[in-house]
Amino acid sequence: MPQSLPFRSAEHVAQVACRVSELLDVLWGRGQEATPAGPLPPSQFRALTVIEEQQGVNQRALGEALGSRPSSVSRLCDRLEAAGLVERLASATSRREVDLRLSRRGAAVLDDFRASRAREIEAVLQSMSPAHLRTLAEGLEQFQDAAAAHIAPSPVPGEAGGSSEAIA
């Protein structure tokens with residue numbers, strides 16, 4: 001493992017991260033082609049992950065989490081339901097709302113999609129030394145924590161658990 005890493009500005013690291021992101025897109029695209037369900041568009045993947053994390057989320061909250069307009073979210077949910085990936089159920093708290101839940105098929109597609117991504121990345125990581133893998137893992141864990149804190153919804157003053165901004 002390198003004893004002392006050279007200083008890199010946040011701007012330089014951001015540029016490297018963007019290039020890595022582009023390579024990840026290529027790797028994930030290759031991995032998707034190997035999944036039984038076929039490609040999953042990024043908008044659908046993001047929606048499925050939000051629904052998975054917040055089982056019973058309504059379309060308004062999903063739209064806020066995705067940073068999308070209600071009409072776009074409605075069409076997205078129509079496509080997800082038609083594909084058998086989500087189920088719309090009457091809300092237990094409001095007769096005017098519908099809750100979204102991941103179907104069994106949706107959960108399986110999400111698992112397959114994630115597994116194919118992981119296989120592609122693992123193939124690249126196999127060529128790295130254990131020391132570099134440790135350094136990368138430490139950096140990615142810190143990045144994950146910082147990114148999660150950066151995109152976490154801010155509570156609205158006077159409203160417990162409310163959100164004043166959308167998560168991109």
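A residue is termed buried when its relative accessible area is under 20%, exposed when over 50% and partly exposed in between (1.4 Å probe, protein chains only). By this criterion, Phe-45 and Phe-113 are both buried. The structure is a predicted model, in which local features need pLDDT of at least 70 and side-chain atom pairs count only at pLDDT 80 or more, whereas totals for chains, interfaces and linings use all residues. Residues are numbered from 1 along each chain as its sequence is written, and side-chain values use heavy atoms, with hydrogens and water left out.

A search of the whole structure finds 1 aromatic pair (Phe, Tyr and Trp rings, the six-membered one for Trp, with centres within 6.5 Å; planes under 30 degrees apart are stacked, over 60 edge-to-face and the rest tilted). The ring centres of Phe-45 and Phe-113 lie 4.7 Å apart with the planes at 45°, so the pair is tilted. Because Phe-45 belongs to helix H2 and Phe-113 to helix H5, the pair ties together parts that are 68 residues apart in sequence. Helices are DSSP runs (H or I, at least four residues), numbered from the N terminus.

Helix H2 (residues 42-53) packs against helix H4 (residues 70-82) at an angle of about 85°, with the axes 11 Å apart. Axes are lines fitted to C-alpha atoms over the stretch in contact, and angles run from 0 to 180 degrees between N-to-C directions. H2 is therefore roughly perpendicular to H4 (65 to 115 degrees; under 35 is roughly parallel, over 145 roughly antiparallel and the rest oblique). Ser-43, Gln-44, Ala-47 and Leu-48 of H2 make the contact (heavy atoms within 4.5 Å) with Leu-76, Arg-79 and Leu-80 of H4.

How values were computed: Helices (H or I, at least four residues) and strands (E, at least two) are DSSP runs, numbered from the N terminus.
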